[in-house]
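User: Please take a close look at one part of this model, a single strand and the sheet around it. I would like one connected account of its pairing, its cover and what packs on it.

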Amino acid sequence: MEEIRVAVSGTGKMGRQVAGAVAAADSMRLVGFLDGLATEDTLDGLPVSNSPADFFGTNPADVVIDFTNAAWTPGLAQAALDADCRLVIGTTGLGEEFFSWLADECEKRETGAVVAANFAIGAVLMMHFAKQAARFFDSAEIIELHHDQKVDSPSGTAKTTADLMSAAREEAFSHRASEKEVLPGARGAETSGIAIHSVRLPGLVAHQEVLFGGLGQTLSIRHDTTGRDSFMPGVIAAARAVMDSKGLTVGLDRLFGLE
Ligand SMILES: NC(=O)c1ccc[n+]([C@@H]2O[C@H](COP(=O)([O-])OP(=O)(O)OC[C@H]3O[C@@H](n4cnc5c(N)ncnc54)[C@H](O)[C@@H]3O)[C@@H](O)[C@H]2O)c1
């Protein structure tokens, strides 16, 4: 197997976990870190740069794995593509405009990128099952729960789940607003008739429950991430798969044989 040179974008909780997983993976070599808010030049003896163009100029990489912030990812993606480096993106809160730009760029340059709101197999299955259940129930709500340091809400997983559920149906879900909302926002945010409720508390990692309601019954599909290591097999598999993929792949369904 040919060695894959991997750069990690982000030196936060996920970036460090990914770096450890890359270092432990067969036929992968960690070449360094990118971080827009970096204060150190090195981490674990490897270079850290806040300039993607400079970094890729001196540290060629085959793939960059990004877990940072939506304000940083588009600039990183541009520099990576210019340096012929493929992308695996886990950062959440990215807009539709970015997705369509990235899809166009990948097609034009005949290269590959993977973006996934959640790299944990259980979460991928939860989204898959929710998509399947969506056409059998007319009402659904999502409760997502995360640690209190998370910057965006709702979570990328919740938004993606809602988008997949609504795409699986011909009609929007029916959302019953309260006649009197005593506290604004009590019914959550709403997209395609699905209410999304975001809980932020210390002690949590990443959790989500999708609730469906129908005549005389409810169905709950729940996933709990108890540690960030849950994301690593999916991240490493995506970094290997992206080396042979063409275009933008959104989500890990195909990678896990769920399509
Ligand atoms: N797709 C998934 O499976 C998955 C799983 C967990 C986390 N995430 C996402 O990964 C991202 C990082 O999560 P984390 O827990 O490591 O967070 P963290 O706060 O520990 O780390 C954030 C990193 O981004 C950098 N950063 C923050 N704001 C920046 C800015 N404005 N410009 C440049 N760099 C900036 C920080 O320097 C740091 O390296 C978040 O978007 C989170 O939602 C995705």
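Analyst: In this predicted model, I143 stands opposite E209 in β11. A second pairing of this kind puts S139 opposite G213, also in β11. Both belong to the contact between strand β8, residues 139-146, and strand β11, residues 206-214. The two strands run antiparallel and are joined by eight bridges.

β8 also pairs with strand β10, residues 194-200. Here the sense is parallel, and the pairing extends over six bridges. Within it, E141 stands opposite A195 of β10. Strands of a sheet pair through backbone hydrogen bonds, in either a parallel or an antiparallel sense.

The sheet as a whole is open and has five strands, in the order β9-β10-β8-β11-β12. Its pairing is mixed. β9 (189-191) and β12 (217-225) are the edge strands; each has a single partner strand, so one side of each is left without a neighbour in the sheet. From one strand to the next, the twist averages 20 degrees.

Two helices pack against these strands. Helix α5, residues 121-133, lies across β11 and β12, and runs at about 160 degrees to β12. Helix α6, residues 156-167, touches β8, β9, β10 and β11. The direction of α6 makes about 165 degrees with that of β8. As for cover, β8 is mostly enclosed: six of its eight residues are buried.

Two packed helices are described by the angle between their axes and the distance between the axes. For helix α1 (residues 13-24) and helix α7 (residues 232-241), the angle is about 65 degrees and the axes are 10 Å apart. The crossing of α1 past α7 is right-handed. On the α1 side the contact involves Q17, V18 and A21, which meet M232, V235 and I236 of α7. By class, this contact has five nonpolar residues, one polar residue and no charged residues.

The last item is the ligand. It is surrounded by 23 residues, and the closest are G12, M14, G36, N69 and W72. By class, the shell around the ligand has twelve polar, nine nonpolar and two charged residues.

To return to the strand asked about: β8 has β10 on one side and β11 on the other in the strand order, with a parallel pairing to β10 and an antiparallel one to β11.

Notes
Residues are numbered from 1 along each chain as its sequence is written. This is a predicted model: local features need pLDDT of at least 70, side-chain atom pairs count only at pLDDT 80 or more; totals for chains, interfaces and linings use all residues. A residue is near a molecule or strand if its C-beta atom, placed from the backbone, lies within 6 Å of it. Ala, Val, Leu, Ile, Met, Phe, Trp, Tyr, Cys and Pro count as nonpolar, Asp, Glu, Lys and Arg as charged, and the others, Gly among them, as polar. Axes are lines fitted to C-alpha atoms, for helices over the stretch in contact, and angles run from 0 to 180 degrees between N-to-C directions. Helices (H or I, at least four residues) and strands (E, at least two) are DSSP runs, numbered from the N terminus. A crossing is left-handed if the near helix is turned anticlockwise from the far one by less than a right angle, and right-handed if clockwise. Two residues are in contact if their C-beta atoms, placed from the backbone, lie within 7 Å. A residue is buried if 20 or more other C-beta atoms lie within 10 Å of its own, exposed if 12 or fewer, and partly exposed in between; C-beta atoms are placed from the backbone. Two strands pair if DSSP finds at least two bridges between them.
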